[in-house]
Amino acid sequence: MRTIELKGKDVVLIDQTRLPRELRLIKCKNAEEVARAIERMQVRGAPALAAAAAMALAVTALRSRARTKSQLLQELKRAANRVKRTRLTAVNLFVGLKRTLDAAQAAPSTERARSAVVREARRIAEEDIRVNKKIGENGARLLKSGDVVLTHCNAGALATIDYGTALGVIRAAWRKGKHISVIATETRPLLQGARLTAWELKREGIPVTVITDSMVGDCFRKRMIDSVLVGADRIAANGDTANKIGTYSIAVLAREHRVPFYVVAPTSTIDFSMRSGKEIPIEQRSAEEVAFIGRTRIVPKGVKVLNPAFDVTPARLITAIVTENGIVNPGELKSLSGR
Ligand code: MRU
């Protein structure tokens, strides 16, 4: 099953806010509906956001009545500007928009531009699966039978089109017959680990144990963790990596306990325009996500709440970055562009 797909003139996606209670699909007819689905976290995870953004433009093109290429381009740019305002940390979303807009711009006519946008959106989705499988192949050799892997948030099939990045490595090792088990942090406040990672791994039959975020240190101290695999939302040129809030604390603990800490991501997540993690914009989300559990308020009214969606792990705490083009030291990212 795919996390997000272009079907006819609609974008069809798994509503991730409903998991694990129910597996429900929703349809988005235009870029506004896709943008809202992104804002509500019905679709999330950096590579899935690249596809969602590209498909938002594809449905815009498919439903557009523009008669000229410049009218079509105007509509596409308006749609792209709306999607750009949804989430700002994952570079993949911007890459997805740029690739589809560039494809439209390069086309010689209105009709060709329309089909170029759709083709590019589909290509982004197909590429994602291919790249994830390659990442899985490359990363699987880092794991051996019996290993317990800690992962944070959800860097699985649900965060991509299919297969996943960090969970893709675990999947690849598992499918090779290695007995891997996973510790998944619940990932406050939106519980991507407890809800989504645990759901995915259970479906595949991979043993998984969910812990609260505050149990991580204790698990390291008790030597329960052999390696850490996490995804990424944006990797700066020097290897500093933005990922779900809490990743940095895990990296510090991994270093203290001499456990390897791997970032697993497609090369499209590397933003060479940013020299270091200091330049990566961090999305701040609403206080309600922290102050409420479901409909129950857990923080007294009037008390301040912080809710950054991501943090930045400095390159020096990262053992290696696993990509489709190989496994590299975070200080040697430049070497990937030539491969
Ligand atoms: O806020 P989210 O759920 O979109 O955050 C997702 C993550 O932090 C993932 O680890 C990251 O996007 C990589 S997904 C392959």
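Trainee: Where is the place of Thr187?

Mentor: Thr187 sits in the loop between S5 and H7. Helices (H or I, at least four residues) and strands (E, at least two) are DSSP runs, numbered from the N terminus. This is a predicted model, where local features need pLDDT of at least 70, side-chain atom pairs count only at pLDDT 80 or more, and totals for chains, interfaces and linings use all residues. Residues are numbered from 1 along each chain as its sequence is written, and side-chain values use heavy atoms, with hydrogens and water left out.

Trainee: What is the phi of Thr187?

Mentor: Phi of Thr187 is positive, about 70°, although Thr187 is not a glycine.

Trainee: Is Thr187 buried or exposed?

Mentor: Start with the cut-offs. Buried means under 20% relative accessible area, exposed over 50%, partly exposed in between (1.4 Å probe, protein chains only). Thr187 has a relative accessible area of 0%, so it is buried.

Trainee: Which residue other than glycine has a phi near 60°?

Mentor: Leu191 has that positive value. Leu191 is also in the loop between S5 and H7. Its relative accessible area is 27%, so Leu191 counts as partly exposed.

Trainee: Which peptide bond has omega near 0°?

Mentor: The bond from Arg188 to Pro189, which is cis. Pro189 belongs to the loop between S5 and H7. A cis bond also joins Leu19 and Pro20, with omega about 5°. Pro20 is in the loop between strand S2 (10–14) and strand S3 (25–28).

Trainee: How many bridges join S4 to S5?

Mentor: Two strands pair if DSSP finds at least two bridges between them. Strand S4 (residues 148–151) and S5 are joined by 4 bridges and run parallel. Val149 stands opposite Val182 in S5. In strand S5 (residues 181–185), 4 of the 5 residues are buried, so the strand is largely enclosed by the rest of the structure.

Trainee: How many residues of helix H6 are buried?

Mentor: First, the general idea. An α-helix has 3.6 residues a turn, so residues three or four places apart point the same way. Now the case here. Helix H6 (residues 166–175) has 8 of its 10 residues buried, so the helix is largely enclosed by the rest of the structure. Among them are Ala166, Val169 and Ala173.

Trainee: What covers the buried residues of H6?

Mentor: The cover includes H5, S4, S5, helix H7 (192–204), strand S7 (227–230) and strand S10 (261–264). Gly177 follows H6, with a positive phi near 95°.

Trainee: Which residues are in contact with Leu88, leaving aside its neighbours within four places in sequence?

Mentor: Contact means heavy atoms within 4.5 Å. The partners of Leu88, with those neighbours set aside, are Phe94, Arg234, Pro281, Ile282 and Glu283. Leu88 lies in the loop between helix H3 (69–84) and helix H4 (91–106). At 37% relative accessibility, Leu88 is partly exposed. Leu88 and Asp233 are 145 residues apart along the chain, and their C-alpha atoms are separated by 9.7 Å.

Trainee: What share of the contacts with a separation of 6 or more comes from residues 24 or more positions apart?

Mentor: Such residues account for 74% of those contacts in the chain.

Trainee: What radius of gyration does the chain have?

Mentor: The radius of gyration is taken over C-alpha atoms, and the globule rule is 2.2 Å times the number of residues to the power 0.38. For 339 residues, a compact globule would come near 20 Å; the chain has 20 Å, which agrees.
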